[in-house]
Amino acid sequence: MFSTQQVGVWSDPVEFAVTAERTAAYAEATNDPIAAHRDGTLAPPVFAVVPAFSVMARRTLAAAPESAAGRILHGRHDLLIRRPIVPGDVLSTRAQVVGVHARSSGVVVTTLVETRDAAAGPVNEQYFTGFFRGARHTGGDAGRTAPDHGSAGDVRGRAPDAVVVQKFDDDQTFRYAEASGDTMPVHLDEDFARRAGLPGIIVHGLCTMAFTSHAVIGHAAPGDPARLRRLAVRFSAPARPGQTITTTVWTSGPGRYAFGTAGDGGVPVITDGLAEFTA
């Protein structure tokens with residue numbers, strides 16, 4: 001049974017010192033084309049998951065029975081940016097499970113991650129939605145899910161404002177694993193991935209999210225990536241190394257953009273994408 005007693009309980013904070021070498025390595029591992037990210041001036045937005053990864057994973061899995069741990073999929077991710085991360089920051093990150101909800105095909109565990117700087121100023125918050133496929137929970141739902149970020153359907157009925165084509169390298173998952181610290185074997189071991197029911201190694205969802213951030217920033221704020229304030233996605237299907245992805249972007253309001261990303265054959269890999277920028 002999943003533990004609803006974990007809902008609302010903060011973890012101990014974890015400290016992380018940000019260096020230009022570490023942020024530039026993340027940019028390189030995600031094929032980031034933005035100069036301020038590649039030269040270590042400014043951390044890429046999705047780098048926010050690196051200081052948070054270990055505490056986010058531990059808190060999420062603390063709410064799940066051990067037998068369900070291998071069934072977890074990354075369902076959604078919502079990154080709310082209060083200010084960009086920069087080299088020299090000393091960050092403190094903590095996490096809490098905010099909801100456990102049974103679904104017909106599995107169990108959703110929603111985890112909130114909060115990152116602050118050395119002066120206790122807010123840097124970002126993230127909602128990680130973990131879906132435990134095929135798991136069962138009979139203890140009743142508890143807490144809340146992540147904020148809604150579904151895009152308005154009307155924008156997708158018109159011509160897009162931008163279409164961006166990108167390609168994953170054959171070694172993308174190995175480079176991303178080293179830069180991010182996410183060494184789950186489905187991203188690195190072909191045999192393991194196939195035993196898990198996958199066609200082979202899959203690209204990390206957060207690596208795909210980083211690629212979409214390049215696409216949206218390049219359209220909305222090519223000269224000022226620090227304007228990004230929110231990036232939220234739903235992961236629909238895994239991408240594969242060597243695959244070409246196409247991100248389609250629509251303006252949905254002032255500083256607000258809806259997007260979706262498809263892989264080979266038009267199969268959606270990210271849906272309900274939302275990006276928000278300051279003026």
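**Pockets, cavities and aromatic contacts**

The largest pocket is lined by 44 residues, and those nearest its centre are Ile 72, Leu 73, His 74, Gly 75 and Phe 131. Helix H3 (49–62), strand E2 (72–81), strand E4 (106–116), strand E5 (122–133), helix H6 (205–220) and strand E8 (228–235) are the elements that give two or more residues to this lining. The model is predicted.

**Largest pocket**
- The space in the largest pocket is about 1,200 Å³.
- Its lining comprises 25 nonpolar, 13 polar and six charged residues.

**Largest cavity**
- The volume of the largest cavity is about 140 Å³.
- Its lining has 17 residues, of which Ala 43, Pro 45, Ile 81, Pro 84 and Ile 85 lie nearest the centre.
- E2 and E8 are the elements that give two or more residues to the lining of the largest cavity.
- By class, 12 residues of this lining are nonpolar, two are polar and three are charged.

**Second largest cavity**
- A volume of about 50 Å³ is found for the second largest cavity.
- Val 49, Phe 53, Tyr 176, Ser 180, Asp 182, His 204 and Leu 206 line the second largest cavity.
- Two or more residues of this lining come from each of H3 and H4.
- Four of the lining residues are nonpolar, two are polar and one is charged.

**Aromatic pairs**
- Tyr 26 and Tyr 176 form another edge-to-face pair, with 5.4 Å from centre to centre and 65° between the planes.
- Since Tyr 26 lies in helix H1 (residues 20–29) and Tyr 176 in helix H4 (residues 172–180), the pair ties together parts that are 150 residues apart in sequence.
- Tyr 26 is buried at 0% relative accessibility, and Tyr 176 is buried at 1%.
- Phe 16, Tyr 26, Phe 47 and Tyr 176 form one aromatic cluster.

**Charge over a ring**
- Arg 94 is placed over the face of Trp 10, at 3.8 Å from the ring centre.

Conventions
Residues numbered from 1 in each chain as written. Predicted model: local features only at pLDDT ≥ 70, side-chain atom pairs only at ≥ 80, totals over all residues. Heavy atoms only, no water. 1 Å grid on protein atoms, 1.4 Å probe; cavity = no way out; pocket = protein on both sides within 12 Å on 5 of 7 lines; lining within 4 Å. Points joined across faces, edges and corners; volume = space filled by probe spheres on them. Helix = DSSP H or I, 4+ residues; strand = E, 2+ residues; numbered from the N terminus. Nonpolar A, V, L, I, M, F, W, Y, C, P; charged D, E, K, R; others polar. Phe/Tyr/Trp six-rings, centres within 6.5 Å; stacked < 30°, edge-to-face > 60°. Buried < 20%, exposed > 50% of the residue type's maximum accessible area, 1.4 Å probe, protein only. Lys NZ or Arg CZ within 6 Å of the ring centre and 35° of its normal.
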